[in-house]
Amino acid sequence: MSISIVQLGSPRGADEGLRIGTVRRPPRGVPKAEFARRDYYDTWLPQLAPSAELMAEGKSATSEEDWARFARHYRAEMSVADTSRVLDLLAALSHGTHFAVGCYCEDEKRCHRSLLRELLTERGAVMRD
């Protein structure tokens, strides 16, 4: 059992399981009834997305220093009690079922999902490469 970190809209992997969208907004121009069929997500969990302001900061990061600042701010947002409990829950669920979390960004290295991978790993989640 494990968690996959994926780019939303990409083809689903074998045994990926439920796909959770950790994005602030649903995909543009896609009817809600087609989110899962088009490999975006089965369920939406915007609580794990960066705030709108922080998302703008992350998109404008051009240096390692900018990215490190974004990462610190994102980790601070994820440390809020309710959000932290969601991360704890996902880490615990990873020991009993396959599922995936993801975002639209092409490059995971410059996407909050790379930080989600770290946060979930720190909580003892079973991660899939």
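Predicted model: local features only at pLDDT ≥ 70, side-chain atom pairs only at ≥ 80, totals over all residues.
1. Cys-103 is in no disulfide, and the nearest cysteine sulfur, that of Cys-111, is 3.7 Å away. Cys-105 is likewise in no disulfide, its nearest cysteine sulfur, again that of Cys-111, being 3.6 Å away.

2. On accessibility, Cys-103 counts as buried because its relative accessibility is 7%, whereas Cys-105, with a relative accessible area of 29%, is partly exposed. Here buried means under 20% relative accessible area, exposed means over 50%, and partly exposed lies in between, with a 1.4 Å probe and protein chains only.

3. On helix packing, α2 (residues 64–78) and α4 (residues 112–122) pack at an angle of about 50°, and their axes are 11 Å apart. That angle makes α2 oblique to α4, the term left for angles that are not under 35 degrees (roughly parallel), over 145 (roughly antiparallel) or 65 to 115 (roughly perpendicular).

4. On the residues involved, the contact (heavy atoms within 4.5 Å) is made on the α2 side by Trp-67, Phe-70, Ala-71, Tyr-74, Arg-75 and Met-78, and residues including His-112, Leu-115, Leu-119 and Glu-122 take part from α4. By class, the contact of α2 with α4 has eight nonpolar, two polar and three charged residues.

5. On the basis of these values, residues are numbered from 1 along each chain as its sequence is written, and side-chain values use heavy atoms, with hydrogens and water left out. Local features need pLDDT of at least 70 and side-chain atom pairs count only at pLDDT 80 or more, while totals for chains, interfaces and linings use all residues.

Conventions:
Axes fitted to C-alpha atoms, helices over the stretch in contact; angles between N-to-C directions. Helix = DSSP H or I, 4+ residues; strand = E, 2+ residues; numbered from the N terminus. Nonpolar A, V, L, I, M, F, W, Y, C, P; charged D, E, K, R; others polar. Disulfide = S-S within 2.5 Å.
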